[in-house]
Amino acid sequence: MTAAEDRVEHPARTSPGTRPPARPARLPLPGPPSLPRSVAARRTGAIPGLTYRAVTPPDPEKVAEVDRRLEAWARGLDLFPTAWTGDFAGFQFGRAVVLQHPGAADLDRLTAAGELLLAENLVDDCYCEEEEDRGGSHRGLGGPLIMAQSAIDPYHGTAGSEEDWRQGMQADGPLRSYHWAMKDYAGFATPSQTTRFVHDIARLHLGYLAEAAWAETGHMPKVWEYLVMRQFNNFRPCLSIVDAVDGYELPEPLYSRPEVQRITALASNATTLVNDLYSFTKELETDPTHLNLPQVVAANERCGLKTAYLRSVEIHNQIMASFEEEAAALSATSPLVGRYARGLSDWVAGNHEWHATNTHRYHLPNYW
Ligand SMILES: CC(C)=CCC/C(C)=C(\C)COP(=O)(O)OP(=O)(O)O
Ligand SMILES: [Mg+2]
């Protein structure tokens, strides 16, 4: 790569003679080179240099059936206005879960995974994302998020106030979707798997709060700090259900072992950074200050966005390599852990395929 190819610079770099601040200020960075939409839309497929495992195409009949069930479920709960129907179709929830859970035990479990995915995205879009224009706000986010947590994490107050809680949990689409998706999931997951999910959603909400706090104060994290936040604001709740969706349980004493926790987190982090790479262009188009790994690398390393993007691919690849090596070593110690590790790997591979082919949501920067 030549210097000319990488000429998009961090603004702080263009002030000669000034001492760089100890912590780089969060300024809008120049966006990625944009293209006419028709050209940009073609720029999909795998990111050059990105480590991923290719998957077999999903069964179209299975996808259509899961989509049909999910749409009926969403309509029945009045989860979103008809104006959002295009977004529902464009997200391709059925295709996502069929790709992510190739070993799913049955369609009911696959549909429950889709309900949870839909609910998680509804909470993010309606509560957290200001740019979506669906009521989301960084300021005061803790209030709605604690209610969202309660929708999956039962209330144990006075008998008299329980009915108020029950009604409160039906107040909007994000709450209804969390609440009823959780009911379906808990119908086949063991109590331990259900509690695992509750804890992973609490972690996710903590990550949303940190992201919102940084957006509100204009804080630019260091790279490691960003990776901490993204380890919580993360796809993990989707990955740690793989055993339940596949119809078995990785028992709590095994799941809780630090090395199993580590491969769960590594897989979740790798696949979440895949989102940062595929959604980079979309995010910068809607909000030039939106944090994702390339933005944070560019600000911290005072380099152009293309360099930062390629560096972010490397960071992803290192995490992915750690996952693959450690998961393989661990799998050799126990067939059950091996099955679980395969489920994690399948989810990562399917989620990559979904990102690489979802032209409704994502297009790549014009770097290749
Ligand atoms: C499905 C799930 C658990 C989502 C929670 C966290 C989340 C929304 C992501 C990891 C995706 O990241 P992002 O908010 O950047 O999503 P888009 O890039 O807008 O698709
Ligand atoms: Mg993103």
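**A covered helix and its surroundings**

Reply: Helix H4, which spans residues 93-100, is mostly covered, with eight of its eight residues buried. Please keep in mind throughout that this is a predicted model.

Me: Which residues of H4 are the buried ones?

Reply: They are Phe-93, Gly-94, Arg-95, Ala-96, Val-97, Val-98, Leu-99 and Gln-100.

Me: And what covers the buried residues of H4?

Reply: The cover includes helix H2 (60-76) and helix H3 (85-91), together with helix H5 (107-128) and helix H17 (335-357).

Me: Zooming out, how many helices and strands does the protein chain have?

Reply: The secondary structure of the protein chain comes to 17 helices and zero strands. Of its 368 residues, 52% count as buried, and among contacts between residues at least 6 apart in sequence, 77% join residues at least 24 apart.

Me: Let's look at a helix pair, then. At what angle do H6 and H8 pack?

Reply: Helix H6 (residues 142-152) and helix H8 (residues 173-188) pack at an angle of about 25°, and their axes lie 7 Å apart. Angles under 35 degrees count as roughly parallel, so H6 and H8 are roughly parallel to each other.

Me: Is that crossing left-handed or right-handed?

Reply: The crossing of H6 and H8 is right-handed. On the H6 side the contact is made by Met-147, Ala-148, Ala-151 and Ile-152, while H8 contributes Leu-175, Tyr-178, His-179 and Met-182.

Me: How do the residues of that contact divide into nonpolar, polar and charged?

Reply: In the contact of H6 with H8, seven residues are nonpolar, one is polar and none is charged.

Me: Changing topic to the cysteines, how many disulfides does the structure hold?

Reply: The structure holds zero disulfides. A disulfide is a covalent bond between the sulfur atoms of two cysteines, and the cut-off used here is a pair of sulfur atoms within 2.5 Å.

Notes. Residues are numbered from 1 along each chain as its sequence is written. Chains are lettered from A and ligands numbered from 1 in the order in which they are written. This is a predicted model: local features need pLDDT of at least 70, side-chain atom pairs count only at pLDDT 80 or more; totals for chains, interfaces and linings use all residues. Side-chain values use heavy atoms; hydrogens and water are left out. Axes are lines fitted to C-alpha atoms, for helices over the stretch in contact, and angles run from 0 to 180 degrees between N-to-C directions. Helices (H or I, at least four residues) and strands (E, at least two) are DSSP runs, numbered from the N terminus. Angles under 35 degrees count as roughly parallel, over 145 as roughly antiparallel, 65 to 115 as roughly perpendicular and the rest as oblique. A crossing is left-handed if the near helix is turned anticlockwise from the far one by less than a right angle, and right-handed if clockwise. Contact means heavy atoms within 4.5 Å. Ala, Val, Leu, Ile, Met, Phe, Trp, Tyr, Cys and Pro count as nonpolar, Asp, Glu, Lys and Arg as charged, and the others, Gly among them, as polar. Buried means under 20% relative accessible area, exposed over 50%, partly exposed in between (1.4 Å probe, protein chains only).
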